[in-house]
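Thank you all for coming. I would like to take you through one structure today, slowly, and please keep it on your screens while I talk.

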Amino acid sequence: MQYWLMKSEPDVYGIDDLIRDKVNMWEGCRNYTVRNYLRDEMQEGDLAFFYHSNIPPTGVVGIMRVVHAPYPDPTQFDPQSEYHDPKSPKDQPRWFVRDVEFVEKFARVVSLAEMKATPGLEAMPVTQKGQRLSITKVSPSEWDLVCTLGRSNR
DNA sequence: GCCAACGTTGGC
DNA sequence: GCCAACGTTGGC
């Protein structure tokens, strides 16, 4: 099983929205590296950190699970959508989504600053300057460390 | 709001 | 296939 970190801006879609919805389509990826992760590398049952980007406190706020096979992102064919991609061929879609299911909200946010300061997390892409993929891989040891932090009282 | 970093586009 | 211009991300 592979672990992941997936970013979302909480004013667009945050962990409390996922608690309400229980399952949600992770839509709108328009980057080929991330597309390949979604389409080719993620497996049903993989676990992912939910990361709040852009609005402080930025950081990991909980855990979700990948619950469905990949399928074409419907927003790419929707002219009304901000994610509309008129160049994506209908018979060979460019963009894919996964469904994710809520698993856990941490007792506290594991902030980006804290992750940068925690030994053992320095290889996480999210702690590195200029790294802006919206989905990245997480190693088992990184996974355990961040979970421990998020479940602790600090 | 600024801006550094990076991905994508398109002219040649 | 190079690379400059442009758009976007996302921390601060």
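I will begin with a helix and then turn to the DNA.

This is a predicted model, in which local features need pLDDT of at least 70 and side-chain atom pairs count only at pLDDT 80 or more, while totals for chains, interfaces and linings use all residues. Residues are numbered from 1 along each chain as its sequence is written, chains are lettered from A and ligands numbered from 1 in the order in which they are written, and side-chain values use heavy atoms, with hydrogens and water left out.

Glu142, Trp143, Val146, Cys147, Leu149 and Gly150 are its buried residues, buried meaning under 20% relative accessible area and exposed over 50%, with a 1.4 Å probe and protein chains only. They lie on the same side of α4, because they cover an arc of only 165 degrees around the axis, taken from the directions from the helix axis to the C-beta atoms. On the other side of α4, Pro140 and Thr148 are exposed. The buried residues pack against several elements, including β1 (3–8) and α3 (112–117), contact meaning heavy atoms within 4.5 Å.

Now, which residues surround DNA strand B? They are Asn31, Tyr32, Lys87, Lys129, Gly130 and Arg132, each with a heavy atom within 4 Å of the strand. A polar side-chain atom of Arg132 lies 2.5 Å from a base oxygen of DNA strand B, whereas for Lys129 a side-chain N or O atom is 3.3 Å from a phosphate oxygen.

Methods: Helices (H or I, at least four residues) and strands (E, at least two) are DSSP runs, numbered from the N terminus. A polar contact is a pair of N or O atoms within 3.5 Å; within protein, one must be able to donate a hydrogen and the other to accept it, and residues adjacent in sequence count only if both atoms are side-chain atoms.
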